[in-house]
Amino acid sequence: MKTLQLGQSALEVSRLALGCMRMASLDLEEAKQVIQTSLDLGINFFDHADIYGKGQSERLFGQAIKDMGIDRERLMIQSKCGIRQGFFDFSKEHILQSVDGILERLQTDYLDLLVLHRPDTLWEPEEVAETFTYLKEQGKVRHFGLSNVNRYQFEHLQAYMDQPLLVNQLQFSLVHTPMIDSGLQVNMLSDGATNRDGGILDYCRLHGVTIQAWSPFMIDLVKGTFFDHPDYPELNQVLRELATAKGVSVEAIATAFILRHPAKMQVILGSMNPDRLRNIAKASEIELDRKEWYRLYLAAGKFLP
Ligand SMILES: NC(=O)c1ccc[n+]([C@@H]2O[C@H](COP(=O)([O-])OP(=O)(O)OC[C@H]3O[C@@H](n4cnc5c(N)ncnc54)[C@H](OP(=O)(O)O)[C@@H]3O)[C@@H](O)[C@H]2O)c1
């Protein structure tokens, strides 16, 4: 398993992480199997959020690692908070309450990373920074990050922090590439030229922030994944061709597409199927060349000027 240094920290983490959003649908034995498979594959990073399964994903995970007797220090556990029923909440009171709930459900004393899930426009960055410092001093959280934020939101909070924010979790996949499209179509009148994120990709590269790519295979919640999806015949054709040529699965090729980008993203996988995880992990053993990478990009219906 390939690893990366997370943000500007000394933490060495697997480039593939297990996203636990869907863990709530498993029973305890199945959850243990998925966790064990991940560890066997060299995946040491687990992404949670307080809202996944209304806390049930964290509860199952916490029980599973306790039953399995896994040494806590072997795992990098991240969770997210800030999304509430019908609103977003980055207040000190809510963040502190959320962290206590997360730690209790995960049956652990600390989080390796706490990430704020989606921007709350009513936030006070100074208050958030103060809350983070307090959580660190209390030993409850070691590192911090943000999710779904643009360059200026990231910079705004960083300005008040005395330690670097390590990650920005953003949607990215073969079929969801606005971060890249706008950089390829600078100053054009095409739709893809629209800069939706303040240049977050280049910002993160310049400042050593790790982008965590979420939903690496999903089109959306209704359509499901792009594998064999009728909206993407050309993409699936090229995925199959490259998979055959390299002796891996189409899932591994789609993952390698993300890993190949020099931004060194971490991929947050959502599959709860051990066989699929084993197939996907082979992405770590191959590398796409420039021509293959652009061929996939174009086959997904993207445009080059
Ligand atoms: N920060 C945010 O706002 C945000 C938002 C969404 C998600 N996330 C994080 O990102 C993680 C991944 O999200 P995701 O679950 O949407 O990602 P995904 O890996 O793109 O999708 C996984 C889903 O696709 C299904 N699937 C069907 N065919 C598949 C195939 N051939 N290969 C792989 N999966 C296939 C999986 O089912 P099986 O389980 O049966 O394989 C699973 O339900 C989440 O767990 C969460 O940690 C973050």
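## Aspartate 181

Aspartate 181 touches Gly192, Tyr297 and Lys302, leaving aside residues up to four places away in sequence. The model is predicted. Aspartate 181 sits in helix 6, which spans residues 178-184.

Aspartate 181 is buried, yet has no salt bridge. The nearest side chain of opposite charge belongs to lysine 302, at 4.3 Å.

## Aromatic pairs

The structure holds 11 aromatic pairs. One of them joins phenylalanine 154 and tyrosine 203. Their ring centres lie 5.8 Å apart and their planes meet at 65°, so this pair is edge-to-face. Phenylalanine 154 belongs to helix 5 (residues 151-158). Tyrosine 203 belongs to helix 7 (residues 200-206). The pair therefore ties together parts that are 49 residues apart in sequence. Both phenylalanine 154 and tyrosine 203 are buried.

Tryptophan 293 and tyrosine 294 also pair. Here the centres are 5.2 Å apart and the planes stand at 80°, so this pair too is edge-to-face. Tryptophan 293 is buried, with a relative accessible area of 7%. Tyrosine 294 is partly exposed, with a relative accessible area of 31%. Both residues belong to one aromatic cluster, formed by Phe172, Phe257, Trp293, Tyr294 and Tyr297. Tyr297 is also one of the contacts of aspartate 181.

## Charges over tyrosine 110

Two arginines lie over the ring of tyrosine 110. Arginine 72 lies over the face of the ring, 3.9 Å from the centre. The charged end of arginine 142 sits over the ring of tyrosine 110 as well, 3.8 Å from the centre.

## Leucine 103

Tyr110 is also among the contacts of leucine 103. Leucine 103 lies in helix 3, residues 92-106. Leucine 103 is buried, with a relative accessible area of 9%.

Leucine 103 and arginine 59 are 44 residues apart in sequence. In space, their C-alpha atoms are 9.6 Å apart.

## Helix 9

Helix 9 covers residues 250-260. Of its 11 residues, 9 are buried, so the helix is largely enclosed by the rest of the structure. The buried residues are Glu251, Ala252, Ile253, Ala254, Thr255, Ala256, Phe257, Ile258 and Leu259. Phe257 is also a member of the aromatic cluster.

The buried residues of helix 9 pack against both strands and helices. The strands are strand 3 (16-19), strand 11 (210-214) and strand 14 (266-269). The helices are helix 8 (233-246), helix 10 (274-281) and helix 11 (290-299).

## Cysteines

A search of the whole structure finds 0 disulfides. The sulfur of cysteine 20 has its closest cysteine sulfur in cysteine 81, 16 Å away, which is too far for a bond. A disulfide needs the two sulfur atoms within 2.5 Å. Cysteine 20 is buried, with a relative accessible area of 0%.

Cysteine 81 is in no disulfide either. The nearest cysteine sulfur to cysteine 81 is that of cysteine 20, at 16 Å. Cysteine 81 is buried, with a relative accessible area of 0%.

Notes. Residues are numbered from 1 along each chain as its sequence is written. This is a predicted model: local features need pLDDT of at least 70, side-chain atom pairs count only at pLDDT 80 or more; totals for chains, interfaces and linings use all residues. Side-chain values use heavy atoms; hydrogens and water are left out. Helices (H or I, at least four residues) and strands (E, at least two) are DSSP runs, numbered from the N terminus. Buried means under 20% relative accessible area, exposed over 50%, partly exposed in between (1.4 Å probe, protein chains only). Lys and Arg count as positive and Asp and Glu as negative; His and the chain ends are not counted. A salt bridge is a side-chain nitrogen of Lys or Arg within 4 Å of a carboxyl oxygen of Asp or Glu. Contact means heavy atoms within 4.5 Å. Rings of Phe, Tyr and Trp (its six-membered ring) pair if their centres lie within 6.5 Å; planes under 30 degrees apart count as stacked, over 60 as edge-to-face and the rest as tilted. A charge sits over a ring if NZ of Lys or CZ of Arg is within 6 Å of the ring centre and within 35 degrees of the ring normal.
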